[in-house]
Amino acid sequence: MLHLDREQARRIAVRAQLLDDRRSRSVAEVVDELTLLQVDPTAAVAPSADLVLWSRLGADYEHSDLTFALETERSLVEHSSFVRPMDDIGLVLATAPRELHPTAHAWLAANAGFRADVLARLDADGPQTAAELPDTCQVPWASSGWNNDKNVNRLLEVLTRLGDVAVSGRRGRLRVFDLAERVYPPDLDVPGYDDARAALDRRELAALGLARSGPGTPVTVKGTDGTWRADPDALATADAPFVGRCAFLSPFDRLVHDRDRTLALFEHDYVLEMYKPAARRRWGYFALPVLHGDRLVGKLDAKADRKAGVLRVHAVHEDVPWAPETGDAVEVELAALGAWLGLDVVRG
């Protein structure tokens, strides 16, 4: 059993997520290394996928770069609320049918005519948004309320998971769907479930560096309970020289998406508070975790007011009092964020 201290563990995690001082060269390279980007419509500062890519690529990144990779280059594809490398989509489709909830399978079986209608419409008319497709369901989708009366959306989600349809692009915020055969490569390889699941698990662990489960090398981390799994390649560079930087992270960034892992490795307490009443928020509606070097040191509470042309900084929360160099680095990164957004940074 190998033993790591927290500093080694944090640096493994930061390097794996491309948040040290290296910069990748393209959107496709970043997504390939991270394996996925979560798509979320909240854009208090900027959409999550854009924040993740900006934090890795820097000032040269533009949203149109992601659109080009998705819709023109086809090196990436949007699948079930995530952007993934097109090269991984065969693995994803190989695992989806078994991992789809039995309720969804039963609902699909009860709506064979609905499924046929949607596929026929896409075949005849080409790419469509959910609103453009008729709802001919025989058995409506029943939920706690969030997805009631959204039968077309639910069907398209299930058919995307199963590989019948695919997201071909977007019109504004609306996803556009087409037959999968017109979006995915004609020579798409879909392996067996076990091989695909193992490959995805290896890829995910490499993107995280260190996780509670996975196929990697078992290790312990001083100050944490239980056993961790480390990516072997990341473990081999655990003691290599590390040069960090300052970065603002999306709440959906993979470095912090597992809040228990974030607390254990970084001793950083974080909760996305957009669903809390304003009076109960400690850090803000869509506060961005602040990374400095190999430490998560605070949260940035800011909102882009595009009509006024400003990035309003409501607060910069320090988890513990910052050294001057940390404060200076945060100010530089804040100015860079404003410049990237094309907004003036104002306090209050």
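## Glutamine 128

Glutamine 128 counts as buried, at 9% relative accessibility; buried means under 20% relative accessible area, exposed over 50%, and partly exposed in between, with a 1.4 Å probe and protein chains only. The residue belongs to strand β5 (residues 128-129). Helices (H or I, at least four residues) and strands (E, at least two) are DSSP runs, numbered from the N terminus. Leaving aside neighbours within four places in sequence, glutamine 128 is in contact with Arg121, Leu122, Leu133, Arg175, Val176 and Phe177, where contact means heavy atoms within 4.5 Å.

The structure is a predicted model, in which local features need pLDDT of at least 70 and side-chain atom pairs count only at pLDDT 80 or more, while totals for chains, interfaces and linings use all residues. Residues are numbered from 1 along each chain as its sequence is written, and side-chain values use heavy atoms, with hydrogens and water left out.

## Nonpolar cores

The largest nonpolar core has 45 residues, and those with the most contacts inside it are Val27, Leu53, Leu66, Phe248 and Leu300. Such a core is a set of buried Ala, Val, Leu, Ile, Met, Phe, Trp, Tyr and Cys residues joined through side-chain atoms within 4.5 Å. Among the elements that each supply at least two residues of this core are α2 (27-34), α3 (48-57), α4 (63-71), β13 (295-305) and α12 (324-341). The largest share, six residues, comes from α3.

Valine 27 touches Leu53, Leu57, Tyr61, Asp65, Leu66, Ala69 and Leu76, not counting residues up to four places away in sequence. A second, separate core of 24 residues includes Trp228, Ala230, Ala234 and Val256.

## Aromatic pairs and charges over rings

Six aromatic pairs are found in a search of the whole structure. Rings of Phe, Tyr and Trp (its six-membered ring) pair if their centres lie within 6.5 Å; planes under 30 degrees apart count as stacked, over 60 as edge-to-face and the rest as tilted. Tryptophan 54 and tryptophan 340 form a stacked pair, 5.2 Å centre to centre with 15 degrees between the planes. This pair links distant parts of the chain, with tryptophan 54 in helix α3 and tryptophan 340 in helix α12, 286 residues apart. Both tryptophan 54 and tryptophan 340 are buried. The rings of tyrosine 61 and tryptophan 340 have centres 6.3 Å apart and planes at 35 degrees, so this pair is tilted. Ring pairs link Trp54, Tyr61 and Trp340 into a cluster.

Arginine 98 lies over the face of tyrosine 193, at 3.9 Å from the ring centre, and lysine 299 lies over the face of tryptophan 283, at 4.1 Å from the ring centre. A charge sits over a ring if NZ of Lys or CZ of Arg is within 6 Å of the ring centre and within 35 degrees of the ring normal.

## Residues with positive phi

Leucine 18 has a positive phi of about 60 degrees although it is not a glycine. Leucine 18 is placed in the loop between α1 (6-16) and α2 and is buried, with a relative accessible area of 7%.

Arginine 74, also not a glycine, has a positive phi of about 60 degrees. Arginine 74 is placed in the loop between α4 and β3 (76-79) and is partly exposed, with a relative accessible area of 25%.
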